[in-house]
Amino acid sequence: MRRPRRNRKSEGIRALVREHEVTVKDLIFPLFLIEGEKTKTEVSSMPGIYRFSQDLLLKEIESCLKLGINAFALFPNVNEELKDKYATESHNVQSTYLKTISAIKQEFPETVLMTDVAMDPYSSDGHDGIVKNGEILNDETLIVLGKMALAQARAGADIVGPSDMMDGRIGYIREVLDDGGFEKVSIMAYTAKYASAFYGPFRDALNSAPKAGDKKTYQMDFANQAEALIEAELDFAEGADFLMVKPALPYLDVIKLLFDNFEVPIAAYNVSGEYAMVKAAAKNGWIDGEKAMVESLTSIKRAGAKIILTYFAKEFAQLRK
Ligand code: PBG
């Protein structure tokens, strides 16, 4: 009799036949930056996740490095008075965000630092593009994104991450970077980024929710799969070094689809709402949070994501120590 249970009979056998295993090296830890000094505020909808001022952020990175986490994605919480329609602060060389990128790369040159290219944290409209008469302008937005990406590359970014979903932005940013002498700076495209309810806690963290309307004219409809291939074909052709799917858990089919069809590494963003759900249930004693974390991350890797952006990175690394 064929007995599949023989391959599960002990932890030793299970370890031998295990097909996928997440390691700390697969993870990118998203970090939130705020203005000021010696400031650290917890995001209420994301227990264990903080917004750090630059000085404390550097300390946080140091402690992550000791745990083996080497890759970070940095997001800015921008003061309301610095926001405007054109996200000017996003390419102001004196901005806290750009100065912090330089400080991180100066102090910890070995880190892989990914930056966020999108207007929303700096936009008085809370949108990823320029808003005119209620519409999000595509090609005008590209110009802002190009300036932002170039400024981040100058500050020392290793990877720029366009999370805006404007058409043509990968090719446009690639050209701007190459013309600026930054041909070595990588692009991780937020390729299949869905208009998702799971971004709620992130928008709390950055205070970046749209002031009017929603993001459905640029982020993808969650009912669609084939459309992800169109986005992926474009991003690949335009020069993306990595293709990302976001969110992760409700979109494992999309991760698998891109994994099966493209040779570049696939990344997945295990977003704020996915983190918040596990934390909330665990806090209530309804699930074992640690086990749910490992199972979630492993399923994302099993679907085909080599790289996982996750707020669990530090907790996972501590567990593996
Ligand atoms: C916006 C951006 C969002 C996230 C990353 N970049 C939110 C949005 O599109 O509104 C969400 C990440 C998360 O929820 O963890 N450019």
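This is a predicted model: local features need pLDDT of at least 70, side-chain atom pairs count only at pLDDT 80 or more; totals for chains, interfaces and linings use all residues.

Q: Why is Asp 128 called buried?
A: Buried means under 20% relative accessible area, and because Asp 128 has 0% relative accessibility, Asp 128 counts as buried. Asp 128 lies in the loop that joins strand 5 (112-117) to strand 6 (130-132).

Q: What makes the pairing of the side chains of Asp 128 and Lys 215 a polar contact?
A: A polar contact requires a pair of N or O atoms within 3.5 Å, and the side chains of Asp 128 and Lys 215 make such a contact at 2.7 Å. Leaving aside residues up to four places away in sequence, Asp 128 also touches other residues, among them Ala 118, Thr 141, Ser 163, Lys 193 and Tyr 218.

Q: How do you know that Gln 152 is buried or exposed?
A: The cut-off for buried is under 20% relative accessible area, and Gln 152 stands at 0% relative accessibility, so Gln 152 counts as buried. This residue is part of helix 4 (residues 138-155), and, not counting residues up to four places away in sequence, its contacts include Tyr 97, Leu 98, Ile 101, Asp 116 and Val 160.

Q: Why is helix 7 called oblique to helix 8?
A: Helix 7 (residues 226-237) and helix 8 (residues 252-261) pack at an angle of about 45°, and their axes are 10 Å apart. Angles under 35 degrees count as roughly parallel and those from 65 to 115 as roughly perpendicular, so an angle of about 45° makes helix 7 oblique to helix 8. The crossing of these two helices is right-handed.

Q: Which residues make the contact between helix 7 and helix 8, and how do they divide by class?
A: Helix 7 contributes Ala 228, Leu 229 and Ala 232, while helix 8 contributes Val 254, Leu 257, Leu 258 and Asn 261. Of these residues, six are nonpolar, one is polar and none is charged.

Q: What makes up the contact of helix 2 with helix 3, by class?
A: Helix 2 (residues 54-66) and helix 3 (residues 96-107) pack at an angle of about 35° with their axes 11 Å apart, and helix 2 passes helix 3 in a right-handed crossing. Gln 54, Leu 57, Leu 58 and Ile 61 of helix 2 meet Thr 96, Lys 99, Thr 100, Ala 103, Ile 104 and Glu 107 of helix 3. Asp, Glu, Lys and Arg count as charged, and the contact of helix 2 with helix 3 has two charged residues, along with five nonpolar and three polar ones.

Note on methods
Residues are numbered from 1 along each chain as its sequence is written. Side-chain values use heavy atoms; hydrogens and water are left out. Helices (H or I, at least four residues) and strands (E, at least two) are DSSP runs, numbered from the N terminus. Buried means under 20% relative accessible area, exposed over 50%, partly exposed in between (1.4 Å probe, protein chains only). A polar contact is a pair of N or O atoms within 3.5 Å; within protein, one must be able to donate a hydrogen and the other to accept it, and residues adjacent in sequence count only if both atoms are side-chain atoms. Contact means heavy atoms within 4.5 Å. Axes are lines fitted to C-alpha atoms, for helices over the stretch in contact, and angles run from 0 to 180 degrees between N-to-C directions. Angles under 35 degrees count as roughly parallel, over 145 as roughly antiparallel, 65 to 115 as roughly perpendicular and the rest as oblique. A crossing is left-handed if the near helix is turned anticlockwise from the far one by less than a right angle, and right-handed if clockwise.
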